[in-house]
2 protein chains.
Amino acid sequence: MGLGVVAHLVRLGVLSSTSDHASVVSINLFIALLCACIVLGHLLEENRWVNESITALIIGLCTGVVILLTTKGKSSHILVFSEDLFFIYLLPPIIFNAGFSQTFLTSFQVKKKQFFRNFMTITLFGAVGTMISFFTISIGAIAIFSRMNIGTLDVGDFLAIGAIFSATDSVCTLQVLNQDETPLLYSLVFGEGVVNDATSVVLFNALQNFDLNKIDAAVVLKFLGNFFYLFLSSTFLGVFAGLLSAYIIKKLYIGRHSTDREVALMMLMAYLSYMLAELLDLSGILTVFFCGIVMSHYTWHNVTESSRVTTKHAFATLSFIAETFLFLYVGMDALDIEKWRFASDSPGKSIGISSILLGLVLVGRAAFVFPLSFLSNLTKKTPIEKITWRQQVVIWWAGLMRGAVSIALAYNKFTRSGHTQLHGNAIMITSTITVVLFSTMVFGMMTKPLIRFLLPASSHTVTSEPSSPKSLHSPLLTSQLGSDLETASHSHIVRPSSLRMLLSKPTHTVHYYWRKFDDALMRPMFGGRGFVPFSPGSPTEQSVHGGR
Amino acid sequence: MGLGVVAHLVRLGVLSSTSDHASVVSINLFIALLCACIVLGHLLEENRWVNESITALIIGLCTGVVILLTTKGKSSHILVFSEDLFFIYLLPPIIFNAGFSQTFLTSFQVKKKQFFRNFMTITLFGAVGTMISFFTISIGAIAIFSRMNIGTLDVGDFLAIGAIFSATDSVCTLQVLNQDETPLLYSLVFGEGVVNDATSVVLFNALQNFDLNKIDAAVVLKFLGNFFYLFLSSTFLGVFAGLLSAYIIKKLYIGRHSTDREVALMMLMAYLSYMLAELLDLSGILTVFFCGIVMSHYTWHNVTESSRVTTKHAFATLSFIAETFLFLYVGMDALDIEKWRFASDSPGKSIGISSILLGLVLVGRAAFVFPLSFLSNLTKKTPIEKITWRQQVVIWWAGLMRGAVSIALAYNKFTRSGHTQLHGNAIMITSTITVVLFSTMVFGMMTKPLIRFLLPASSHTVTSEPSSPKSLHSPLLTSQLGSDLETASHSHIVRPSSLRMLLSKPTHTVHYYWRKFDDALMRPMFGGRGFVPFSPGSPTEQSVHGGR
């Protein structure tokens, strides 16, 4: 990597004379590696086993080895990981894009219906399921680890472990699932993954505020109250920020649209909502996620055509870069010597703990996927809406991978104020890295073959055109997007007799009332269309088309 | 601003427990102010006197006053300015976009011709003119300041002052000039502004490497050699990075385009070129500027339609945010108490120095605009190509404003290693801020009226639709862009008898040979079109259209 040569370069010039030369070197190396990940990820796209996250992890590992050899075993990473880096720069674009692109993924009438029809099931899996998983893993950890001699871990640490390993990473599975062939499955896995992220982070946050050494009913009640307060107020803040951006752009920009200003305003408002939530000690993840949903539902329809294309792709790109960066870093950091020093004293114990955690993850997820699927199936009337046994296995498998959020929470919990020196903390960090590496690489690589085996109907499409969530966007990107939506809405009105529409008729409930409310109150005020067919001459319509 | 309340909030939660709470507050405040700048800038767009930079400066000043009052006179700014922030995050997008959007600004055949026809004049103004301005200001500063009793400034400091005040900021003028009515003037002011930025930064960098206490012929020669080495190698690196990105995207992405990957790769490669230049002690500004030009000329034509729209607007938005941020900061920092403490000991002297610097700026610019215009006019054969006296005044005026680059260089030179405590350094910082504030606000506000007075032909268009460089992009943003270019190229071939074409015929020179080289060697290898008419079936054409 030429680090030796580089270090000998004379420190001159504007930048290098003021900032740390080493940081310039590491930024260069990181960006070059990111480029390598993108190119390699593209080349390996049709490969059966590998995806973008795994590519980044492997490249990170290889770079770690090279750095280890270059620095003669002193260090394997070139950038000190800070939670600030993760929570201020990397996480917001990832989560915001998850919310923002959700409407594009479900942008045709049928798929949006699919999403809202399964709203209850998704919430059930994401919120209740994560809680069940959390309790299973926590209790398992308390029961098993407290008998093993691993440093000074208290109840709070074990509960944190539960929250850390409840955060799933379903990206691998989403890259393989085909939304057109298995819309129910896709919306379930996607929706659950998003709610799960939020739930586990809120859980983790709520846990930090409590003295958990003596647990009684009052503490549990207070904890639950805190949890719901965080959940509701974060959601409210996100929705408020999204609506405010929609209102500002709708009111101000009539007739005089400026793409740069619109894009800048959307970006800044989304980021502001995240930072405000962090400032007010709410969950920034939930806030920015709901801000993304509201922005794509209202704000996005008030801006110019080019702003729509730009925001859609710019946010997706930022999220993509942030994710790749993260996996790259984790791969590199996995070889950090200092962390493994404790673990290497007792290699058997270290492997044991990682295996136990992996087992708990498997059990904790099984403990809610199959019972909750059963419950969900009870409420459905038609067999087509029920979750089949094979689909249940896919849902179970989809949430076994652990990723970026787990790593970030673990670093946050176990490295704070130089605690890496403690035996228990060091072992928990190395175990988290092991679980993330193993689950992403081994489980992740098995996902494609498993899904092909369980859902053979979709295998043909998967081979011919890999339908990652990213490539799903592509056909929508042209200027036809608006008219596509329009056509979809119209055809829905003109031909309500299609089989699918008839089947979904009985499931009014949430979606029906939401549409009524949206049409009567929200759309006239905040703009946006997509839910209702386009009505010519409406104020929204004028403001949308007036500026083009 | 509620800072008092906020400061009393309990520090809980993931983010606030690990990072500095104050930094979260200041990030929030800064983003909120940025949003305010965008909204106010939009509302004031048709105002006669004010533009976006001035809005940001005024909002920054007001916020500074509020913070001063809130903190009871202790501090006026909430973020410590670091050159790293400026040189690593803010400057690259601004300069890259200057290069990248240049091709869009000159994207129609005639205007691109205009740009290349004036290539020599632009280089003359930007490079030689900046050198003349640098020497005038430096010698003036040595002559005048060394007689006033202002601290310990040596020859190196005076030369740095020359470089700092040679960096112009022609954004205000470009917002007022109409590209369609005065294409010659527009391309001159724009091109000169860009080359000027690069020249002054390279000058500043080159100065840092020399012991300037004894100046003889050998030192001057070595300095000139260093200057040209920096210039050429930086340009080469930028061109290389741009071509590499074009080559990678052209070779890899045939038939399987992914917008996110393409956008990410372009962004990362551009940033990598900048950071590599800084690592190698070259001029990152020049590198990233040429990388932008090459990317918009080749890479941009190899990507999908949606990637084109996205990159164009995403880069413009990032540049817009960075610029607004900078002016906001400068406005806030202008009220910093500590810097003014020295100056307030001798208010007369402080005002005197600022006035002298302003005078030197006026003289230094006059010293090259009028002579070089005269020289340039000598080489032109037709009167339509000559720079009129009124246009010369506009060019002179366009470069009087001092902005972001001057501030950054001044901070770099005079605040390093806590030197703010020194009398001379403190006075130079306050004087720089005064000159930037005064020139941006007073000169900037007079630009619109002056141009309307001097070039009355364009006054009608300016009033009816303000043609800022940003809004100039807008008509091109639709998916018609490609076909527009095509049409322009075709019409150029079919009707070469138009008056303008005939007039430009004798000016083959650079442009003609460049086109030959581009067609024969560059385009087959790196793709891209825009210079030559579209020829169906060429490999470039296939790769461009194949992926859509």
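Reader: Where in chain B is the place of Asp281(B)?

Author: Asp281(B) sits in the loop between α12 (259-279) and α13 (284-302) of chain B, where helices (H or I, at least four residues) and strands (E, at least two) are DSSP runs numbered from the N terminus. This is a predicted model, in which local features need pLDDT of at least 70, side-chain atom pairs count only at pLDDT 80 or more, and totals for chains, interfaces and linings use all residues. Residues are numbered from 1 along each chain as its sequence is written, chains are lettered from A and ligands numbered from 1 in the order in which they are written, and side-chain values use heavy atoms, with hydrogens and water left out.

Reader: Is Asp281(B) buried or exposed?

Author: Buried means under 20% relative accessible area, exposed over 50%, and partly exposed in between (1.4 Å probe, protein chains only). Asp281(B) has a relative accessible area of 17%, and therefore it is buried; its phi is near 60°, a positive value in a residue other than glycine.

Reader: How are two packed helices described?

Author: They are described by the angle between their axes and the distance between the axes. Axes are lines fitted to C-alpha atoms, for helices over the stretch in contact, with angles from 0 to 180 degrees between N-to-C directions. In chain A, the axes of α10 (residues 183-208) and α13(A) come within 8 Å and cross at roughly 150°, so α10(A) is roughly antiparallel to α13(A), a term for angles over 145 degrees.

Reader: Which residues make the contact?

Author: With contact meaning heavy atoms within 4.5 Å, Val194(A), Ala198(A), Val201(A) and Val202(A) of α10(A) meet Ile285(A), Leu286(A) and Phe289(A) of α13(A).

Notes:
Parallel < 35°, antiparallel > 145°, perpendicular 65-115°, else oblique.
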